[in-house]
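Okay, thanks for coming, everyone. Let me put the structure up and we can walk through it together.

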Amino acid sequence: MLVFRVMSPLFLISFVASLLIGLGHCEHSHEHAFLGEYAESVLEMKPEELEDLLYWLVEQRIDQNKDMKMSAGELQHWMRHVYHRDLENEILKAFNKANVKQDSDISFKEYREWLFSQEDAPERTEKSENRLVARWRLADDNGDSRLTLGEFAVFYAPDELHHRKMHGLLVDEYIEDRDTDDNYELTFEEWSAAALASDDEDGEVGQVWEMEMRARFQEMDTNRDGVLSHPELEFYLFDQEDDSEADEEAFHILAETDDDGDGLVSHLEMMKHLRIFVGSQVLQHGKLFHARDEL
């Protein structure tokens with residue numbers, strides 16, 4: 001049975017996702033993460049059809065050694081495929097929607113107008129616009145103020161595509177949002193404030209959680225001076241496994257569904273934990289209740 005630390009590498013890079021989501025950038029949905037490209041069709045499926053789909057996915061797409069069970073390695077391989085495909089589709093979708101003229105490239109004005117016209121658009125402030133401009137300029141390789149699809153991908157998902165030239169700028173933004181004394185370094189209190197506040201809105205943060213955060217802070221503080229510098233933050237936030245988020249999802253699935261602790265997910269365990277694999281929305285539609293009751 002796998003044992004997990006409370007704070008995974010995913011925690012270290014989660015701030016980037018929040019920054020990008022706040023500016024209308026990529027946001028993966030974990031609700032149907034396992035299903036990948038099949039997620040859109042499951043709401044229309046009958047229980048027996050969904051069970052057939054899950055069986056087929058395991059047999060044809062995931063189970064490499066043909067034992068009809070999913071190992072940690074097989075789950076990792078599948079989730080990496082799902083995340084990469086989802087990200088590519090999301091980038092292409094955003095590019096096409098913002099590219100009103102359907103040219104081979106897009107201007108900043110086009111993107112900005114599309115972004116802030118969305119119902120869930122982020123707040124339009126001088127700070128948010130300045131950050132968008134800075135990222136746009138970094139992604140613009142030929143300096144023509146327009147982005148091709150490849151350049152747009154760097155702009156849209158710099159953290160997930162691991163474009164190192166964008167990392168420094170993202171760390172700058174991260175420090176700026178948390179550095180209360182404007183010394184361009186982060187104390188433990190500055191670094192942990194947002195995470196601790198969001199973890200417990202009542203202010204009663206568990207001792208174990210805070211101890212884990214302090215341990216991680218000390219691990220990040222490589223020169224032991226009690227603060228996190230720009231290089232230290234950049235190293236720990238970005239010099240991680242490229243597929244850490246997909247791997248985290250795979251390990252989460254295994255941890256939640258491996259009831260007998262053999263390190264594998266059987267078909268019976270999959271059907272017992274349908275919510276993990278198909279999302280709560282499907283179950284709420286009432287289509288799978290009798291399938292679960294038969295287990």
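Predicted model: local features only at pLDDT ≥ 70, side-chain atom pairs only at ≥ 80, totals over all residues.

The protein chain has 15 helices and 4 strands. Of its 295 residues, 45% count as buried. The chain exposes about 15,500 Å², and carbon and sulfur atoms supply 48% of that. As for contacts with a separation of 6 or more, 64% of those in the chain come from residues 24 or more positions apart.

Now look at helix H2, residues 47-62. What span should its 16 residues give? At 1.5 Å a residue you'd expect 22 Å, and the end C-alpha atoms are 21 Å apart, so that agrees. Which residues of H2 are buried? They're Pro47, Leu50, Leu53, Leu54, Leu57, Val58 and Ile62. And a reminder for reading that list: an α-helix has 3.6 residues a turn, so residues three or four places apart point the same way.

Okay, on to the loop between helix H3, that's 72-98, and strand E2, 105-107; this is where you find Asn99. Is Asn99 buried or exposed? Its relative accessibility is 1%, and buried means under 20%, so Asn99 counts as buried.

Notes
Residues numbered from 1 in each chain as written. Heavy atoms only, no water. Helix = DSSP H or I, 4+ residues; strand = E, 2+ residues; numbered from the N terminus. Expected span 1.5 Å × (residues − 1). Buried < 20%, exposed > 50% of the residue type's maximum accessible area, 1.4 Å probe, protein only. Contact = heavy atoms within 4.5 Å. Areas by Shrake-Rupley, 256 points an atom, 1.4 Å probe, with all protein chains shown as cover.
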